Amino acid sequence: MPIKNRFAEMQTEITAWRRDLHEHPEILFDTHRTAGIVAEKLTAFGCDTVETGIGRTGVVGVIRGKSNTSGKVIGLRADMDALPILETTGLDYASKTPGAMHACGHDGHTAMLLGAAKYLSETRNFDGTVVVIFQPAEEGGAGGKEMCDDGMMEKFGIQEVYGMHNWPGMPTGAFAIRSGPFFAATDQFDVTVVGQGGHAAMPNTVADPTIAAAQLVLALQTIVSRNADPVEQIVVSVTSFVTASTAFNVIPPSVNLRGTIRTMTKATRELAEKRFKQIATSTCAAFDCRADITWIRGYPSMVNSVDQTEFAVEVATAVAGKCDLAEVTMGGEDFAYMLEERPGAYILVGNGDSAKVHTPDYNFNDEAIPAGCSWWAEIVERRMPAATLSDRRTARHPGRWRRIRLFRPSNPGSASIHSKRRAGERYFARAAGSRD
Ligand SMILES: [Zn+2]
Ligand SMILES: [Zn+2]
């Protein structure tokens with residue numbers, strides 16, 4: 001089963017939605033227009049419930065299958081926000097908002113999940129409930145966390161969640177995934193090294209924070225080389241070094257350092273924070289300076305669940321013929337919060353030979369739409385296969401069904417009525433369980 005034919009038919013329509021979103025990018029939680037369009041379309045598709053304002057500007061739609069004997073509820077999540085980048089693609093549908101751009105393809109993610117929602121609302125060929133989740137502020141604002149904090153998982157009874165991101169450099173419409181830690185925890189630090197400034201020709205009379213800060217930049221790398229388990233992934237990057245003076249002949253009173261630390265496991269994350277604070281405090285003290293540390297906890301590591309990843313591979317293989325093992329990435333992903341609350345899996349879909357995400361000449365590849373939409377729809381239809389007629393009759397009238405079983409001629413013998421009824425009940429239990 002490759003691409004679903006319906007999505008090949010819908011590609012032009014979904015592409016038009018995507019390009020409209022691309023033309024009107026919105027940053028962080030300011031996704032008002034985008035959320036409005038999403039809510040409007042979900043309502044027009046006939047979703048059973050459409051709710052806005054979850055996680056500030058997040059939108060949730062509920063689609064019930066033809067039956068619900070499974071009692072299953074699956075969440076499918078897309079992100080809606082853009083980045084503060086000046087677009088240079090020159091496309092005729094390029095951003096109309098200078099300084100804002102869909103440079104991570106969230107326009108494509110939103111359009112693909114809308115496409116899947118339209119198809120699933122039309123067909124409802126599944127036994128359970130789908131919750132489509134459109135989140136704001138994936139790019140550093142933790143919009144996914146805000147949706148969880150608003151009680152989304154409990155309110156809609158979501159049992160497992162799935163996410164998808166386009167990936168430049170992978171063949172268009174191909175899939176890749178990995179089980180376990182996949183994206184990194186993204187903590188940040190801001191340290192002001194406070195010394196005592198003075199005349200640059202009299203260094204003996206000052207406490208020079210530039211010397212302490214320079215030593216600190218190098219010493220921090222020992223978290224990677226001497227403290228972390230050598231087989232663990234970790235990155236320590238100092239990205240800003242600003243002194244409190246621009247003069248040639250003044251030793252500044254302070255230096256500000258900023259940067260990020262990326263880790264994949266809770267243990268390494270805690271170790272890195274502890275060692276960072278120890279090294280900063282004692283290195284500065286060694287030079288008669290003080291370290292004023294602000295530690296900013298970012299997204300946790302995004303960890304794919306084993307069972308759901310195996311299922312995601314099965315579905316991707318059905319859609320694209322195969323599913324590759326993805327490399328670990330030290331980038332962050334807000335979907336991590338949803339995976340902390342529920343089991344699930346996050347997959348990459350190939351964007352072809354495009355510019356990298358977060359660059360001004362990036363563009364989402366519309367040719368990936370049929371594959372992405374098909375994966376969404378297949379996740380639903382395979383995880384919650386449509387009940388057969390007898391399944392549905394059984395769910396509505398379990399007692400009558402048992403009576404039918406009881407007097408079937410194929411169930412003869414000397415067993416008492418009581419034991420026959422129990423046998424029927426056991427079979428019913430097995431029949432229901434067999435759809436898990
Ligand atoms: Zn991004
Ligand atoms: Zn992204």
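Reader: Is Ile-296 buried or exposed, and why?

Author: A residue is called buried if 20 or more other C-beta atoms lie within 10 Å of its own, exposed if 12 or fewer, and partly exposed in between, with C-beta atoms placed from the backbone. Ile-296 counts as exposed because it has 11 C-beta neighbours inside 10 Å. Please note that this is a predicted model, in which local features need pLDDT of at least 70 and side-chain atom pairs count only at pLDDT 80 or more, while totals for chains, interfaces and linings use all residues. Residues are numbered from 1 along each chain as its sequence is written, and chains are lettered from A and ligands numbered from 1 in the order in which they are written.

Reader: Which residues does Ile-296 touch, leaving aside those up to four places away in sequence?

Author: Two residues are in contact if their C-beta atoms, placed from the backbone, lie within 7 Å. By this rule Ile-296 touches Asp-187, Gln-188 and Phe-189. Phe-189 is 107 residues from Ile-296 in sequence, yet their C-alpha atoms are 5.9 Å apart.

Reader: In which strand is Ile-296 found?

Author: Helices (H or I, at least four residues) and strands (E, at least two) are DSSP runs, numbered from the N terminus. Ile-296 belongs to strand E13, residues 290-296.

Reader: What is the order of the strands in the open sheet?

Author: Two strands pair if DSSP finds at least two bridges between them. The open sheet has 4 strands in the order E10-E12-E8-E13, and the pairing is antiparallel. Strand E10 (234-243) and E13 are at the edges with a single partner strand each, so one side of each has no neighbour in the sheet. Within the sheet, strand E8 (residues 185-194) and strand E12 (residues 254-263) are joined by 10 bridges. Asp-187 has Ile-261 in E12 as its bridge partner.

Reader: Which strands does helix H8 touch?

Author: Axes are lines fitted to C-alpha atoms, for helices over the stretch in contact, and angles run from 0 to 180 degrees between N-to-C directions. Helix H8 (residues 266-286) packs on the sheet and touches E8, E10, E12 and E13; its direction makes about 160° with that of E13.

Reader: How many residues of strand E2 are buried?

Author: In strand E2 (residues 58-64), 5 of the 7 residues are buried. E2 pairs with strand E1 (residues 49-54) in the antiparallel sense over 5 bridges, and 6 bridges join E2 to strand E4 (residues 129-135), also antiparallel.
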